[in-house]
Amino acid sequence: MQRAPLSFRMHLTRVVRLGGPLVGANLAGFAIHMTDTLMLGWYSVTSLAASTIAGSLWFVFFMIGAGFARAVTPIVAEAVEQGDDLTARRVVRMSIWLCTIFSVLVLAPYLWGEEVLLAIGQEADVAAEGGIYLGIIAFGFLPALMGQIMRSYLGALELTTVQMWVTIAALLANAVFNYALIFGNFGLPELGIAGAAYASILTQILQMVALMVYAHRNRPDIQLFARIWRPDPEALKRVFMLGLPIGITSFAEGGLFTGSTIMMGWLGEVPLAAHGIALQLTALMFMVHLALSEAATIRAAGHYGRRDEGELRRGAAAAVSMSLGFGVLVVIIFLAIPSPLVAAFMDPDEPQREAVLALGIVLLMLSALFQFVDALQAMVLGLLRGVQDTRVPMWLACLSYWVIGIPISYVMAFRLGWGPEGLWLGLTVGLGAAAVLLSLRFWGRSVHISAT
C-alpha cells in the first residue's frame with residue numbers, strides 16, 4: 001500500500017521526535033569535553049591551552065575512524081526499511097573490524113605527542129602537558145569508536161532516547177572522575193591534565209559497555225556480536241567505501257578548526273586559551289545542528305530505501321529550516337551575553353584572566369558570523385550521507401576547508417596582521433564555501449533518487 005505523503009509540518013514533527021533525544025545526547029556528550037575544559041581552566045591556563053591543542057589533534061583523527069562507524073547509520077536504516085536484518089548485522093560487525101584496525105594504526109604517533117606539538121610550533125610548556133594528555137587519551141580511541149558504532153546502529157533503528165540517558169549518565173560520571181583525578185580529591189593523587197585524560201577513558205568505556213548491552217538486549221534476534229571474528233569481505237568493502245569519505249570529510253572539517261588552533265598557538269598562550277573557550281561555546285551550540293543532521297541522515301536513508309524523492313525533498317527542506325532557525329537563536333545569545341559565557345571558563349584568581357576574557361569575548365561575537373553557514377553545511381552533509389552520496393562531497397569539503405578556509409585564515413591573521421580575529425574570519429569563509437558547494441550537490445543532483 002502506498003503511503004500518504006507527509007506535509008512539511010509533519011516532517012518537522014518527525015525530525016523533532018527523532019532529533020530531540022539526539023540533541024540531548026550530543027549536548028551531554030559535548031558537555032563531557034566541556035567539563036574537561038572548565039576544570040582544566042580552573043586548574044591552570046597552561047593546562048587549558050595544552051588540552052585545547054592536544055584535544056583538537058586527538059579529535060581530528062578520531063573523526064576519520066568515526067567515518068566507519070557513521071557509515072552504519074545510512075546502510076542499516078536502508079536495510080531496516082527493506083526488512084533486511086542480515087545486512088544490518090554484517091555491516092555492524094565489519095564496522096567494528098575497521099574501527100579496531102584504525103585504532104591500532106593511530107596509537108603510535110600519539111605516544112610522541114610532545115615532539116609532534118613542538119614540531120608544529122607550540123610553546124614548550126604547552127607541548128609538554130599536551131604530550132602527557134595525548135599519550136594517555138590515545139588509548140581511548142577504541143572504546144570511543146565502539147560507542148560511536150553503537151550510537152549509529154541504534155540511531156538507524158530510531159532508538160535515540162537511550163543514547164541521551166546513557167550520555168547524561170556518562171556526563172555525571174566524567175565530572176566526578178575529573179574532580180577526583182585533576183585536583184586530587186577523594187584521597188586520590190593530583191594528576192592535573194593527566195587526570196582529565198584518565199577520566200575521559202573511563203567515561204568512554206562506560207558508554208561503550210552500556211550501549212553494547214542495550215543494543216544486544218533490544219534486538220537479540222540480530223545477534224550483533226555472534227561470530228564477530230569471521231571476516232565478511234563484501235560488507236567490509238561496503239562500509240569502507242562509504243565510511244572512508246565520511247571520515248575524510250569530517251577530518252577536513254575538523255582540520256579546519258584544528259589548523260586554526262595550531263596557528264592560534266603561534267600567537268601565544270593567551271590567544272590559544274581564548275580560542276579554546278570560544279571554540280568550546282561555539283561547538284556546544286553546533287551539537288544541536290549535528291544532532292538534527294544525524295536525524296536528517298536517518299530520515300533521508302528511509303526515503304532513499306523506498307526511493308521516495310518527494311518525501312526526501314520535503315523532509316530535507318524541513319530539517320534545513322529547523323537548523324537555520326536554531327542558528328538565529330544562537331546569534332542572539334552570543335551577541336547579547338558573551339561576557340558571562342566566556343567568564344565561566346576562568347578561575348577568578350587566574351593572573352591572565354582579563355587578557356583571556358577580553359579576546360575570548362571578541363572571538364565569540366565573531367563566531368556569530370558563521371552560525372548559518374556552519375548549520376547549513378552540517379545539515380546538507382547529513383542529507384548527502386542519508387542517500388549514500390559521500391565521495392564527491394568529500395572533495396567539495398576538502399576544497400572548502402583546506403584550499404579556501406585555511407589559506408584565507410592564514411593570510412588574514414598573519415599577512416594582513418589581523419591576528420586572532422583574522423583566523424576566525426577565515427573560518428567563516430571556509431564554512432561558507434562548503435555550505436554553498438554541498439547545497440548545490442544535494443539539491444542539484446543527489447536528491448534525484450526516483451530512478452536509482
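This is a predicted model: local features need pLDDT of at least 70, side-chain atom pairs count only at pLDDT 80 or more; totals for chains, interfaces and linings use all residues.
Residues are numbered from 1 along each chain as its sequence is written, and side-chain values use heavy atoms, with hydrogens and water left out.

**Stop 1: E309.** Select E309, which you'll find in helix 12 (residues 309–336). Helices here are DSSP runs of H or I with at least four residues, numbered from the N terminus. Is E309 buried or exposed? With 15% relative accessibility, E309 counts as buried; the cut-offs are under 20% relative accessible area for buried, over 50% for exposed, and partly exposed in between, using a 1.4 Å probe and protein chains only.

**Stop 2: helix 15.** Next, select residues 371–386, the 16 residues of helix 15. From first C-alpha to last, helix 15 reaches 23 Å, close to the 22 Å expected at 1.5 Å a residue (that is 1.5 Å times one less than the number of residues). Of its 16 residues, 13 are buried, so helix 15 is largely enclosed by the rest of the structure. Just after this helix, click Q388 to find a positive phi of about 60°.

**Stop 3: aromatic rings.** Rings of Phe, Tyr and Trp (its six-membered ring) pair if their centres lie within 6.5 Å; planes under 30 degrees apart are stacked, over 60 edge-to-face and the rest tilted. The count comes to 14 aromatic pairs. Start with Y179 and F186, an edge-to-face pair at 5.6 Å centre to centre with 65° between the planes. Y179 is partly exposed at 40%, while F186 is exposed at 61%.

Then jump to Y410 and F414, whose ring centres are 5.2 Å apart with planes at 35°, so this pair is tilted. Both sit in helix 16 (residues 391–415), 4 residues apart, about one turn of the helix. Y410 is partly exposed at 30%, and F414 is partly exposed at 27%.

Finally, select W58, F59, F61, F62, F102, Y110, F141 and F251 together: ring pairs link them into a cluster.

Notes. Helices (H or I, at least four residues) and strands (E, at least two) are DSSP runs, numbered from the N terminus.
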